[in-house]
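Reader: I'd like a quick walk through this structure. Can you keep it short?

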Amino acid sequence: MDSLNKDMMNVIFLDNDGVICLYNNWGGRGKKWSKYRSANPESSQMLKDAPVEIRFDDFDQKAIKILNKILEETGAEIVVSSDWKLHATLEELGDYYEAQGIIKRPIAITPNLHEFEPETNGLFMWKRWLERKRILEIEKYLKDTPGITNWVAVDDLNMSPEANGGHGLQNFVLTPRSTEGIKQSDIKEKIIQFLTKI
């Protein structure tokens, strides 16, 4: 970003599965876990106690290249909205993103719904619980975080207003194909458009 925009903060609310961790990557952590347990038989039997690189499936490398281009072009920061935030700390997620080749560590995670009292206007009219939960968490982060100039949520859950009874995220890009995620045609351009609004 140039000096004229140095006070701007652009944010990508980033899901992982179906966006940068794609269908062909899913299940890889099972193999990593088996290998780790064989090499460390004295370690905990719980996956949650394993090093962060064992706990998660790998990211798709082509998806990472596209994400990095978006980060370079827009100067955006990453806020993790994925449920992966329930299984690692922000620091651990940063280590994992870095190890997977992402050029920026996430600056934050969205709050967990059980940690705050959401406004319930229209809440029970929504059909999709996972989408509803994530929408509320992103809205809470936006409300509590001043200085965000442009933002976009990228997810394989449909959080658009049209899919959620009118209560959804206007700045939203859907990645509907789990085999392609952020690599799908036009997705990169849609994300950049939200992040470069004047």
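Author: One term before we start. Contact means heavy atoms within 4.5 Å. Also, this is a predicted model.

Reader: Fine. With that cut-off, which residues is Tyr 97 in contact with, leaving aside its neighbours within four places in sequence?

Author: The partners of Tyr 97 are Leu 14, Asn 16, Phe 59, Ile 78, Val 80, Ile 102, Lys 104 and Pro 106. Tyr 97 itself sits in helix H4.

Reader: Is Tyr 97 buried or exposed?

Author: Buried. The relative accessible area of Tyr 97 is 0%.

Reader: Phe 59 is on that list. How many residues apart along the chain are Tyr 97 and Phe 59?

Author: They are 38 residues apart along the chain.

Reader: Zoom out. How many helices and strands does the protein chain have?

Author: Six helices and five strands. Along the sequence the pattern reads β-α-α-α-β-α-β-α-β-β-α.

Reader: And what share of the residues is buried?

Author: Of the 198 residues in the protein chain, 48% are buried. On contacts with a separation of 6 or more, 68% come from residues 24 or more positions apart.

Reader: Helix packing next. At what angle do the axes of H3 and H6 cross?

Author: Roughly 25°. The two axes come within 10 Å. H3 covers residues 61–74, and H6 covers residues 187–195.

Reader: What does that make them, roughly parallel or roughly antiparallel?

Author: Angles under 35 degrees count as roughly parallel. H3 and H6 are therefore roughly parallel to each other.

Reader: Left-handed or right-handed crossing?

Author: The crossing of H3 and H6 is right-handed.

Reader: Which residues make the contact?

Author: H3 brings Ile 66, Lys 69, Ile 70, Glu 73 and Thr 74. H6 brings Lys 188, Ile 191, Ile 192 and Leu 195. By type, the residues of this contact are five nonpolar, one polar and three charged.

Reader: What do the side chains of Lys 188 and Glu 73 form?

Author: A salt bridge, at 3.6 Å from N to O. The pair links distant parts of the chain, with Lys 188 in helix H6 and Glu 73 in helix H3, 115 residues apart.

Reader: How many salt bridges are there in the whole structure?

Author: A search of the whole structure finds 13. Another one pairs Asp 95 with Arg 105, at 3.0 Å from N to O.

Reader: Where do Asp 95 and Arg 105 lie?

Author: Asp 95 lies in helix H4, residues 90–100, and Arg 105 in the loop between H4 and strand E3, residues 108–109. So the pair ties together parts that are ten residues apart in sequence. Asp 95 is partly exposed, at 36% relative accessible area. Arg 105 is also partly exposed, at 30%.

Reader: And Arg 177, which residue does it form a salt bridge with?

Author: Glu 180. The closest N and O atoms are 3.4 Å apart. Arg 177 is partly exposed, at 44% relative accessible area. Glu 180 is partly exposed too, at 26%.

Reader: Which residues are linked in a network of salt bridges?

Author: Asp 15, Asp 83, Lys 85, Lys 133, Arg 134, Glu 137 and Asp 155.

Reader: Now the stretch between E5 and H6. Where is Pro 176 found?

Author: Pro 176 is in the loop between strand E5, residues 172–174, and H6. Pro 176 is exposed, with a relative accessible area of 51%. Pro 176 and Val 19 are 157 residues apart in sequence, yet 8.8 Å apart in space, C-alpha to C-alpha.

Reader: Last one, Ile 187. Buried or exposed?

Author: Ile 187 is buried, with a relative accessible area of 2%. Ile 187 has its place in helix H6. Beyond its neighbours within four places in sequence, Ile 187 is in contact with Val 173, Leu 174, Thr 175, Gly 181 and Ile 182. The C-alpha atoms of Ile 187 and Thr 175 are separated by 7.4 Å, with the two residues twelve apart along the chain.

Technical notes: Residues numbered from 1 in each chain as written. Predicted model: local features only at pLDDT ≥ 70, side-chain atom pairs only at ≥ 80, totals over all residues. Heavy atoms only, no water. Axes fitted to C-alpha atoms, helices over the stretch in contact; angles between N-to-C directions. Helix = DSSP H or I, 4+ residues; strand = E, 2+ residues; numbered from the N terminus. Parallel < 35°, antiparallel > 145°, perpendicular 65-115°, else oblique. Left-handed = near helix turned anticlockwise from the far one by under 90°. Nonpolar A, V, L, I, M, F, W, Y, C, P; charged D, E, K, R; others polar. Salt bridge = Lys/Arg side-chain N within 4 Å of Asp/Glu carboxyl O. Buried < 20%, exposed > 50% of the residue type's maximum accessible area, 1.4 Å probe, protein only.
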